[in-house]
Amino acid sequence: MSVYSAKDFDSRNYNDNRPTYPDEFYEILMDYHQGPRSLAIDVGCGPGTATFHLASEIKSIDCIIGTDASSTMIDTARQLQNAQKVGNLSFEVSPCEKFEFLGPERTNSHSCDLITAAECAHWFNFEDFQDSAWKNMRRDGTIAVWGYSDALFVNYPDLDDMMNGITYNSDKLGPYWQQPGRNILRGMYSERKLDPTKFKDIQDVSLHVSDYRTGNIDTLNPRPLKVCKKQTIIQYANYIKSWSAYHSWKKDQENEDSDIVDDWVHKVLQVHPELAHEPQLIAWNTFYKFGRRL
Ligand SMILES: C[S@@+](CC[C@H](N)C(=O)[O-])C[C@H]1O[C@@H](n2cnc3c(N)ncnc32)[C@H](O)[C@@H]1O
C-alpha cells in the first residue's frame, strides 16, 4: 500500500503510537498452532509490531522473518532490532505473496510452520496471498490473519459520533483513506474468508466495542482478540497521526497552518476537558481468522 512505502511516512510515529496485541492473543494463537515451530513469517509486518512479540515472547519459534513491501517500514524494524538486540528474527522487503527471500531451496516448498498477517491483509490481493501461503506452509501449519479498527472510548458513548466523524466524515479524514482497503477493514473482513479448499479448522472470531460496554467480554468463547488501552485524548490524537489517511491529508495541506486532528481534539476537550490529562479506556473492534493448511 503506497502511503506506507512513502519515504516520508513516519514509521517511528507509527511504531510509537499504534496499539500492540496482548500476550493473551499470542497464547490463543499458539494454543491453536499444532506441531513444529521452526519457521514463522510475519507478512506486512510494518515496523515489527507483531514480529518482535513473536520473537521475544514465543521463545519456542526458532526463526522468525518479518516481511513488508515498504522499505521505510523495514528500515525502522531493522533499527529497532539493532537497538533491542533480539536474536532469532530478521526483516526483508517483500510483497506478501513473495517468499523468494527464503532462498531457492525453500521457496514454494512448504517450509513455514506459521504465517501471520496483522492489520495488513485488507491491502493484499487476498487470493494471491492465500495461494502463496499455502505453497509455502507445511501441512497443518497455521495461517493467522487479524486486525483492529474504529476505536471508541468505552465509557464515553456520547463521543462515538465525534470519534467516527474524524475517521470517516467527508470534511474530515474520510476521503483520504485508500479504498477498498479501508472499507474491508471497517467491515472486519466479513467478506474475506480463508479458503476452505486450502485451510481447515477455520476460526473466524470478532469483537466489538459494544461487548466491552455490555460487560460480557470475559465470558466470550472462543476468546477474542482484546485490543484496548487507557489513553488521554492527546495520546489518541497521536494514534490518529499514525494513520495513512492523516499522512495523505497532511500532504494535501502542506501550506495550511491548522491541523485537522488538533482542531478535533480541541472540540472533544470542550465536551470532556478531563480527557486532556485523565487516561480513559479506549477499545478497538477486532477480528482474527485462523486456519490449518490442508
Ligand atoms: C497498518 S500496517 C500493519 C503493520 C503491522 N503488521 C501491525 O500489526 O501494526 C500495514 C502494513 O502492510 C504493508 N503492506 C501493504 N500492502 C502490502 C503487500 N501487498 N505486501 C506486503 N506488505 C504490504 C504496508 O507497507 C504496512 O507496513
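Modeller: Residues are numbered from 1 along each chain as its sequence is written, and side-chain values use heavy atoms, without hydrogens and water. In this predicted model, local features need pLDDT of at least 70 and side-chain atom pairs count only at pLDDT 80 or more, while totals for chains, interfaces and linings use all residues.

Biologist: How many residues surround the ligand?

Modeller: The closest are Tyr14, Tyr21, Gly44, Asp68 and Ala118. The shell divides into 13 nonpolar, five polar (Gly counts among these) and two charged residues. The number surrounding the ligand is 20.

Biologist: Which residue places a backbone N or O atom 2.8 Å from a nitrogen atom of the ligand?

Modeller: A polar contact is a pair of N or O atoms within 3.5 Å. A polar side-chain atom of Thr49 lies 3.0 Å from a ligand oxygen, and a backbone N or O atom of Ala69 lies 3.3 Å from a ligand nitrogen. At 2.8 Å from a ligand nitrogen, the backbone atom belongs to Cys96.

Biologist: How many disulfides are counted?

Modeller: A disulfide requires a pair of cysteine sulfur atoms within 2.5 Å. For Cys96, the nearest cysteine sulfur is that of Cys120, 7.7 Å away. The count is zero.

Biologist: Is Cys120 buried or exposed?

Modeller: Buried means under 20% relative accessible area, exposed over 50%, and partly exposed in between, using a 1.4 Å probe and protein chains only. Cys96, at 8%, is buried. Because its relative accessibility is 5%, Cys120 counts as buried.

Terms used
Near = heavy atom within 4 Å. Polar contact = N/O pair within 3.5 Å; in protein donor to acceptor, adjacent residues only side chain to side chain.
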